[in-house]
Amino acid sequence: MNMDHTIGVPLISTGRIRHRRRSNEFPPEFSKSNGSQFLINDQNKYRSMWIRAYSSMWMLGVVSVVIYLGHLYMWGMVVVIQIFMASELFNLLRRAREDKHLPGFRLLKWHFFFTGMLFVYCRILNQQLVNTVTSDKFFNRLVSGLLKYQMVICYFLYIAGFMWFILTLTKKMCKYQFGQYAWTHMILIVVFTQSAFTVANIFEGMFWCLLPASLIAINDVAAYFFGFFFGRTPLIKLSPKKTWEGFIGASVATAISAFIFANILGRFQWLTCPRKDLSTGWLQCDPDPLFKPEYFSLPDWLSQWIHWKEVSVLPVQWHALCLGLFASIIAPFGGFFASGFKRAFKIKDFGASIPGHGGFTDRMDCQMVMSVFAYIYHQSFVVPQDYSVEMILDQIRSLSLEEQQALFMKLGQVLKGRQFGQS
């Protein structure tokens, strides 16, 4: 007799629960990629390209309007981007189940965030704040007092958050809380380091913020373009779709664009003049020598061919070449770092705020490296060195007696000439 072997066997549920994959997680086939999935072989590349291009046009339009409005609105845009970045990074390691048992724990993170914002921006904008309110005695005293006691205020705000954190510690979730505390401080370092140097560049002249940021955008678009059509050789394992063809093509395009774009931006005074207060409106100033054109005669054979006898070059264009080389060779490693970070947490993007691009953090990974370099380069190689009276006296003391006498005689002649001119 044939017996049905399924009779008497209880149906045991496996108990497995299907988890819906979040939109920013790596799909299984992507996480197992060994570098063979290039954009040139991607079947959906044209659809993703149009989504990316559409989002880029919207971003370009918004940024153009903000640039037109001036320095103060540029600073506001940086603050908004900063808040979005912090939100994306806060949510990266957040566990909703644990947070339910910790009321007010997310609010504590934002308390540290806005304390850091107050500390950083008051330090950067102290002179601009004073210049803005000098005509009003009440606000002048208020701002002066705020700047004087700013470090004390920020310190006690931080201590209040520290005490808040200690009082909310629980035995069962102590490890999670300390992990979030460390993660919050790392976010503050990353976000405020980038934004602080960006804001400092804005008030040195929007040129020194726009040019580096534009070079990163140009490098990103060029790398995508060259990788899209020509990419075949893998560049780095952390980013399977990055190719040597895209990297090299973007480097050449960025260097050329830096030289040309610097000439275009350097022609507008409202982009090159530094902002000394927090007022709005376009600026006018005596252009820095870096933004005054120098004319070079072309050889006869070349001038006959292109019908130009001379070309004008702004001295700042040579500095722009250095920024372009950094933007194309060094700054992409900020993106590689972010790619490795995302791969470690098995996510595709930090967020989904910008269709085709991911989140704001995905767009700002290279900008973090570039803004710091732009500020350091500007302060080191562009800003002229200021000599204090003490430094000049130290130099005079190192001269011989005869040299000091000759210097004093020349200074006396200069002073007499000025007195004669005034009379």
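**Notebook: helix packing and selected residues**

I began with Phe225, which I found placed in helix 10 (residues 207–230), where helices are DSSP runs of H or I with at least four residues, strands are runs of E with at least two, and both are numbered from the N terminus. The model I am reading is predicted, so I note that local features need pLDDT of at least 70, that side-chain atom pairs count only at pLDDT 80 or more, and that totals for chains, interfaces and linings use all residues. Residues are numbered from 1 along each chain as its sequence is written, and side-chain values use heavy atoms, with hydrogens and water left out.

Entry on Phe225, continued. I looked up its relative accessibility and got 43%, so Phe225 counts as partly exposed; buried means under 20% relative accessible area, exposed over 50%, and partly exposed in between, with a 1.4 Å probe and protein chains only. From C-alpha to C-alpha, Phe225 lies 7.2 Å from Gly246, while the two are 21 residues apart in sequence.

Entry on Gly205. I located Gly205 in the loop between helix 9 (174–204) and helix 10, and its relative accessible area of 0% makes it buried. Leaving out residues up to four places away in sequence, I listed Leu271, Thr272, Cys273 and Pro274 as touching Gly205, contact meaning heavy atoms within 4.5 Å. I also checked Lys276, which is 71 residues from Gly205 along the chain, and the C-alpha atoms of the two are separated by 9.8 Å.

Entry on Lys346. I found Lys346 in the loop between helix 15 (332–344) and helix 16 (360–382), and I noted that its phi is positive, about 55°, although it is not a glycine. With 62% relative accessibility, Lys346 counts as exposed.

Entry on helices 5 and 8. I read that the axes of helix 5 (residues 105–124) and helix 8 (residues 150–167) come within 10 Å and cross at roughly 165°, the axes being lines fitted to C-alpha atoms, for helices over the stretch in contact, and the angles running from 0 to 180 degrees between N-to-C directions. Helix 5 and helix 8 are therefore roughly antiparallel to each other, since angles over 145 degrees count as roughly antiparallel, under 35 as roughly parallel, 65 to 115 as roughly perpendicular and the rest as oblique. The crossing of helix 5 past helix 8 is left-handed, meaning that the near helix is turned anticlockwise from the far one by less than a right angle, with clockwise giving right-handed. I sorted the residues of this contact into 16 nonpolar, four polar and one charged, where Ala, Val, Leu, Ile, Met, Phe, Trp, Tyr, Cys and Pro count as nonpolar, Asp, Glu, Lys and Arg as charged, and the others, Gly among them, as polar.

Entry on helices 14 and 16. I noted that helix 14 (residues 316–329) and helix 16 pack at an angle of about 150°, with their axes 11 Å apart, and they are therefore roughly antiparallel to each other. Helix 14 passes helix 16 in a right-handed crossing. On the side of helix 14 the contact is made by His319, Cys322, Leu323, Phe326 and Ala327, and on the side of helix 16 by Val369, Met370, Phe373, Ala374, Tyr377, Phe381 and Val382. I sorted these into 11 nonpolar, one polar and no charged.

Entry on the whole protein. I recorded 18 helices and four strands, and buried residues making up 38% of the 423 residues.
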